[in-house]
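Colleague: Please place the sequence and the structure before us, and let us then proceed question by question.

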Amino acid sequence: MSETRARGSVAPASDLRISGYAVTWEPYTMGADSWERIDRNAFDAALETPEDVALLWNHDTSKPMARVRAGNLRIYADDVGLGFEATLPDTAVSRDAVSLIRSGVVSQCSFGFHVRGERYEKAPDGKPLRVITDANLVELSVVTFPANPATSVQARDAAQPPKRKRYYLPPEM
């Protein structure tokens, strides 16, 4: 009986960078009968002590592109939603993903999660609105068909610096 082992790593490629929003805080329809909204504080606990969140291609666990633990995925929350920045490894999946993003064939995201808290409200059209108030984040995905059409993903060139976020700091008293 023989055994084969391989060790090594796939280094991040500086020209394979993507960023976007896997979650937005605005409500979106879940078919003809209901709406869903992710509360802006739903991932607070998950972001304070991030577990090993992965960035996948179309929710396929056999096609990972980045992970928090590997140091090539950063996740943050802001006024728009749950955003991310990733430097992808030089793999066929990553190259294909960046090519499809740059061409506009794929332009949105999704996420995998476990609900820990929720409530129901009435949407403006009178239909049920599920509000997820607390969730455990499992994965982010670049997808062809998202549940929330307001999500986004874009590819950045290595020479293009990330967009800087502006923060307001009140004057010292």
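This is a predicted model: local features need pLDDT of at least 70, side-chain atom pairs count only at pLDDT 80 or more; totals for chains, interfaces and linings use all residues.

Colleague: In which strand does Ser 110 lie?

Modeller: Residues are numbered from 1 along each chain as its sequence is written, and side-chain values use heavy atoms, leaving out hydrogens and water. Strands (E, at least two residues) and helices (H or I, at least four) are DSSP runs numbered from the N terminus. Ser 110 belongs to β8.

Colleague: What is the relative accessible area of Ser 110?

Modeller: A residue is buried under 20% relative accessible area, exposed over 50% and partly exposed in between (1.4 Å probe, protein chains only). Leaving aside residues up to four places away in sequence, Ser 110 touches Ala 22, His 59, Leu 140, Ser 141 and Val 143, a contact being heavy atoms within 4.5 Å. Ser 110 counts as buried because its relative accessible area is 13%.

Colleague: Which side chain does a polar contact of 3.0 Å join to that of Ser 110?

Modeller: A polar contact is a pair of N or O atoms within 3.5 Å; within protein, one must be able to donate a hydrogen and the other to accept it, and residues adjacent in sequence count only if both atoms are side-chain atoms. At 3.0 Å, the partner of the Ser 110 side chain is that of His 59.

Colleague: Glu 36 is also of interest. Is Glu 36 buried or exposed?

Modeller: Glu 36 lies in β3, residues 35–38. Among the residues Glu 36 touches are Glu 26, Pro 27, Met 30, Leu 129 and Ile 132. With a relative accessible area of 6%, Glu 36 is buried.

Colleague: Which side chain is joined to that of Glu 36 by a polar contact of 2.5 Å?

Modeller: The Glu 36 side chain makes a polar contact of 3.0 Å with the side chain of Arg 130. The polar contact of 2.5 Å joins the side chain of Glu 36 to that of Tyr 28.

Colleague: What distance separates the C-alpha atoms of Glu 36 and Tyr 120?

Modeller: Glu 36 and Tyr 120 are 84 residues apart along the chain. Their C-alpha atoms are separated by 9.2 Å.

Colleague: In what order do the elements of the protein run?

Modeller: The protein has two helices and 10 strands. From the N terminus on, their order is β-β-β-α-β-β-β-β-α-β-β-β.

Colleague: Which residue of β7 is the bridge partner of Leu 73?

Modeller: Two strands pair if DSSP finds at least two bridges between them. β6 and β7 pair in the antiparallel sense over five bridges, forming a hairpin with three residues between the strands. In β7, the bridge partner of Leu 73 is Ala 86.

Colleague: What pLDDT does the protein average?

Modeller: Over residues 1–9 the pLDDT is below 50, and that stretch has zero contacts in the model beyond near neighbours in sequence. Residues 162–173 also have a pLDDT below 50, with six such contacts. Of the residues, 82% score at least 70, and the protein average is 85.

How values were computed. pLDDT is the predictor's confidence in each residue, from 0 to 100.
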